[in-house]
Amino acid sequence: MTTLTKRFTAIVLTVAVCMALLLTGCGSNEKTYAVTVKDALGTPYTTGVVVRFLQNGQQVAMQPCDENGVAAKTLPSGDYTAELQFTDSNAEYHYNADIKLTVKAPTTDVILAKTVSGEPQLLIVGNEEFDAYSLEVGCTYVKTEAGKRQYLFFTPTQAGVYEFSVMDGTDAVIGYYGAPHFVQEHSSVEVIDGKFSVSVRASMIGSGEGGTSVYVIGVDNSSEGCVIGVQRTGDPQKTIEDEPWTIYQKTATLSEYTLPAGATLGEFDLTASTDTYKIVKNEQDGFYHLNDENGPLVLVRLAEDCDYIACFATMLDRSGVSRYFFDENDSFVKKESYSECLLEYIEYVDEVEGVYPLTDDLKYIIQQRGDYVGWWNIDHNGYIFKDANGNNDPEINAEIAWLLMCCYIEG
């Protein structure tokens with residue numbers, strides 16, 4: 001190699017080294033230090049967190065977290081500590097306060113959790129009273145007391161499968177204990193490796209002031225606190241409850257009904273033989289009569305309870321009137337709601353006795369609802385006919401038992 005070639009090579013190497021030093025910041029004795037702030041589930045904090053860089057206890061720089069939860073700053077090479085500052089002054093956070101940055105380790109991760117806050121709600125379990133705080137999706141630091149269970153409320157705002165877990169490797173034990181109005185003594189789910197899941201259907205999410213299911217989560221811990229993670233892991237499995245309703249539409253033309261003056265109501269003997277009563281429809285008035293189409297008018301107790309069961313008006317106040325239909329293979333077919341139809345009928349009942357003449361609509365609704373809930377099936381737990389001792393009455397004739405809510409005008 002000639003002297004000129006050697007000199008040229010040396011110049012090229014010198015320029016390359018200088019360029020490398022400039023690109024890395026080493027040429028000015030600087031280094032980039034970075035703190036990544038995220039929760040225990042790996043979700044970065046993109047807003048509300050500012051990282052303060054300190055050296056010898058004095059702040060030398062500060063930087064908000066970016067869209068990746070990273071706060072990076074180029075500083076003179078050296079050792080630093082970092083502290084987090086929060087823009088939400090009403091919230092409290094929990095994290096490891098000993099954040100160190102060195103020349104050899106200029107980057108670090110900080111696991112951050114929002115401390116449970118807000119006004120607690122009173123929860124009564126047995127004869128004891130507890131303060132229960134709200135638990136949100138994400139990671140929450142929960143303060144606990146040794147030997148005492150800490151209860152939390154989780155109110156979902158979206159249908160889905162939610163996983164609950166203890167995130168920080170403590171000896172905390174988590175469980176699901178029911179709803180605020182009924183807190184169970186033991187967890188009702190299997191907890192595996194500190195985790196369990198619940199499925200929240202769309203029908204369990206209410207609107208307005210109420211209707212949403214509330215889950216009671218309990219944490220037992222012998223130390224001072226732990227981090228609870230809540231994450232939505234998928235969509236809920238679709239169930240019958242999520243299927244749309246078929247709304248039964250009335251077929252009769254309704255008008256206000258008033259019992260004839262002095263009319264007496266007769267009761268059906270449901271232990272009678274099948275051919276004792278013949279219920280015949282009069283095509284002219286659209287109502288059913290006893291024995292023949294011009295016989296005594298048959299009525300339905302819509303707004304006054306009968307001897308065997310609450311009237312339809314009472315049922316509507318409690319939960320509604322409906323039926324689910326299945327085929328011969330027990331596969332779901334449809335669900336039919338009769339509540340809207342019954343409400344229309346109830347508007348026209350006799351004001352004193354709360355009755356309306358038996359129509360095709362009412363006959364169908366009584367029979368469908370009764371078949372579905374087992375009112376006259378003695379082998380079903382919905383059987384409603386009892387003897388004087390409170391036992392199932394075997395004398396009831398299932399063929400005519402659908403007349404349980406009916407009566408007729410005597411004479």
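## Helix α4 and its end

After helix α4 comes Gly374, a residue with a positive phi, near 80°. The model is a predicted one, and the descriptions that follow should be read with that in mind.

Helix α4 covers residues 360-373, and its 14 residues reach 20 Å from the first C-alpha to the last, which is close to the 20 Å expected at 1.5 Å a residue.

## What α4 buries

Several residues of α4 are buried, namely Asp361, Leu362, Ile365, Ile366, Gln368, Arg369, Gly370 and Val373. The elements against which these buried residues pack include helices and strands: α2 (312-318) and α3 on the one hand, and β25 (298-301), β26 (322-326), β28 (355-357) and β29 (406-409) on the other.

## The packing of α3 on α4

Helix α3, formed by residues 339-346, packs against α4 at an angle of about 135°, and the axes of the two helices lie 11 Å apart. Because an angle over 145 degrees would be needed to count as roughly antiparallel, and 65 to 115 degrees would count as roughly perpendicular, α3 and α4 are described as oblique to each other. The crossing in which α3 passes α4 is left-handed.

On the α3 side, the residues that take part in this contact are Cys341, Leu342 and Tyr345, and they meet Asp361, Leu362 and Ile365 of α4. Sorted by class, the contact of α3 with α4 comprises 5 nonpolar residues and 1 charged residue, with no polar ones.

## Glu340 in α3

Glu340 is another residue of helix α3. Its relative accessible area is 36%, and Glu340 is therefore classed as partly exposed. Although Glu340 and Lys250 are 90 residues apart along the chain, their C-alpha atoms are separated by 9.0 Å.

Glu304 lies in the loop that runs between β25 and α2. With a relative accessible area of 39%, Glu304 is partly exposed, since that category lies between the limits of 20% for buried and 50% for exposed.

When neighbours within four places in sequence are left aside, the residues in contact with Glu304 are Cys311, Val352, Glu353 and Gly354. Glu304 and Phe326, by comparison, are 22 residues apart in sequence, and from C-alpha to C-alpha they are 32 Å apart in space.

Methods. Residues are numbered from 1 along each chain as its sequence is written. This is a predicted model: local features need pLDDT of at least 70, side-chain atom pairs count only at pLDDT 80 or more; totals for chains, interfaces and linings use all residues. Side-chain values use heavy atoms; hydrogens and water are left out. Axes are lines fitted to C-alpha atoms, for helices over the stretch in contact, and angles run from 0 to 180 degrees between N-to-C directions. Helices (H or I, at least four residues) and strands (E, at least two) are DSSP runs, numbered from the N terminus. Angles under 35 degrees count as roughly parallel, over 145 as roughly antiparallel, 65 to 115 as roughly perpendicular and the rest as oblique. A crossing is left-handed if the near helix is turned anticlockwise from the far one by less than a right angle, and right-handed if clockwise. Contact means heavy atoms within 4.5 Å. Ala, Val, Leu, Ile, Met, Phe, Trp, Tyr, Cys and Pro count as nonpolar, Asp, Glu, Lys and Arg as charged, and the others, Gly among them, as polar. The expected span of a helix is 1.5 Å times one less than its number of residues. Buried means under 20% relative accessible area, exposed over 50%, partly exposed in between (1.4 Å probe, protein chains only).
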